[in-house]
Amino acid sequence: MKKYIVETYYTCTFKTVHTLNNLDDAELSKIDKRTDGDVEVIDVKLNNRKTKKIGGKKEEKRNDTKVDNVLPKNVINKINDLEKNQIDNTPNLKIKNNARFKMPDRRKGYIQKAQIGDHKVYLHTGEYDDGKIGEIFIDTNKEGELVKAMMNNFAIAISLGLQYGVPLEEYVDAFIDTKFEPSGNVIGNDRIISASSILDYVFRELAISYLGKEELAHTPSIANAKNLDIENGEDKFLKIVKNITSKGFVRSNYEEKLVDLSDVRINLKTKN
């Protein structure tokens with residue numbers, strides 16, 4: 001194990017109260033040289049920006065004699081007590097997580113074509129090997145170059161957030177029921193009948209396909225209410241199908257999408 005020494009910095013705010021006999025320039029010029037004032041500590045804060053780790057070098061002794069000579073002992077004791085309380089009450093420093101789960105080069109996903117009013121929308125998705133969504137692309141027609149560029153960059157921002165660990169539920173809660181044109185009836189999607197905007201349609205579709213939120217769908221699910229997550233009763237062939245099939249395409253209804261070929265016979269006889 002590596003041992004680190006953390007060097008912490010604190011910002012101390014205090015005030016010195018002096019009693020003046022006469023309020024004139026002569027008395028004010030002597031304030032800096034007076035040592036009889038009452039020092040009151042206002043606040044002690046941990047400075048996270050200057051806090052750093054020190055490793056591999058011996059810690060140098062800090063020269064605090066100047067501070068000890070300037071401040072009275074009771075003030076130094078107050079500062080030490082506040083520092084102890086600040087350390088005890090301060091949570092652990094959060095380390096920024098820069099881990100990005102990049103998409104595989106060859107990935108699963110599906111394309112959903114739909115029409116909102118007079119506008120066609122193509123939703124492309126990309127999935128990880130375990131079926132979780134990792135990227136989206138949104139294509140539209142009858143839109144200007146500015147709107148298309150904004151939609152493309154918006155999809156890139158959502159994809160980066162998903163790859164850095166932002167839950168899909170957060171995006172669904174943020175963009176569901178947003179209202180702007182185009183809006184109206186939806187044609188081409190079997191679960192969504194109408195949408196108040198393109199973003200409302202996109203994240204409603206993603207919530208149904210990847211999160212199983214049936215309450216956001218306008219039509220009931222055709223699939224039977226079966227728990228496919230039970231490992232004990234799950235068929236080995238069904239596990240293989242899950243690994244190679246897009247979760248968003250079948251909407252987790254793997255058994256209903258399978259075709260039974262047990263009664264199909266193939267004649268393999270060849271002519272001599």
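Visitor: Which residue is the bridge partner of G184 in β7?

Guide: In β7, G184 is bridged to A195. Strand β6 (residues 184–187) and β7 run antiparallel and are joined by two bridges. Two strands count as paired here if DSSP finds at least two bridges between them.

Visitor: What should I know about the model and the numbering?

Guide: This is a predicted model, where local features need pLDDT of at least 70, side-chain atom pairs count only at pLDDT 80 or more, and totals for chains, interfaces and linings use all residues. Residues are numbered from 1 along each chain as its sequence is written, and side-chain values use heavy atoms, with hydrogens and water left out.

Visitor: How many helices and strands does the protein chain have?

Guide: The protein chain has nine helices and seven strands. These are DSSP runs numbered from the N terminus: helices are H or I with at least four residues, strands are E with at least two.

Visitor: Back to the sheet, then. In what order do the five strands come?

Guide: The order is β5-β4-β3-β6-β7, in an open sheet with antiparallel pairing. At the edges are β5 (133–140) and β7 (194–195), each of which pairs on one side only. As background, strands of a sheet pair through backbone hydrogen bonds, either parallel or antiparallel.

Visitor: Why is β5 largely enclosed?

Guide: Six of the eight residues of β5 are buried, so the rest of the structure largely encloses β5. Buried means under 20% relative accessible area, exposed means over 50%, and partly exposed is in between (1.4 Å probe, protein chains only).

Visitor: How many bridges join β4 to β5?

Guide: Seven bridges join strand β4 (residues 119–127) to β5, and the two run antiparallel. Among the partners, E127 is bridged to I133 of β5, and G126 to E135 of β5. The β4 and β5 hairpin has five residues between the strands, and G131 there takes a positive phi near 95 degrees.

Visitor: And what about β3 and β4?

Guide: Strand β3 (residues 111–116) pairs with β4 in the antiparallel sense over six bridges. One of the pairs is A114 with V121 of β4. This hairpin has two residues between its strands, and G117 in the turn has a positive phi of about 65 degrees.

Visitor: Changing topic: how do α5 and α6 pack?

Guide: Helix α5 (residues 168–175) and α6 have axes 9 Å apart and pack at an angle of about 145 degrees. Axes are lines fitted to C-alpha atoms, for helices over the stretch in contact, and angles run from 0 to 180 degrees between N-to-C directions. The crossing is left-handed; that is, the near helix is turned anticlockwise from the far one by less than a right angle, whereas clockwise would be right-handed.

Visitor: Which residues of α5 and α6 meet?

Guide: L168, Y171, V172 and F175 in α5 meet L199, D200, F203, L206, A207 and Y210 in α6. By class, that contact has nine nonpolar residues, no polar ones and one charged. Here Ala, Val, Leu, Ile, Met, Phe, Trp, Tyr, Cys and Pro count as nonpolar, Asp, Glu, Lys and Arg as charged, and the others, Gly among them, as polar. Contact means heavy atoms within 4.5 Å.

Visitor: And how do α4 and α6 cross, left-handed or right-handed?

Guide: Their crossing is right-handed. The axes of α4 (residues 145–163) and α6 (residues 198–210) come within 13 Å and cross at roughly 35 degrees. M151, F154 and I158 in α4 meet I198, L199 and F203 in α6, a contact with six nonpolar, no polar and no charged residues.

Visitor: One last spot. Where is D43?

Guide: D43 is in strand β2 (residues 38–54). At 29% relative accessibility, D43 counts as partly exposed. Leaving aside neighbours within four places in sequence, D43 is in contact with T11, C12 and T13. D43 and C12 are 31 residues apart in sequence and 5.9 Å apart in space, C-alpha to C-alpha.
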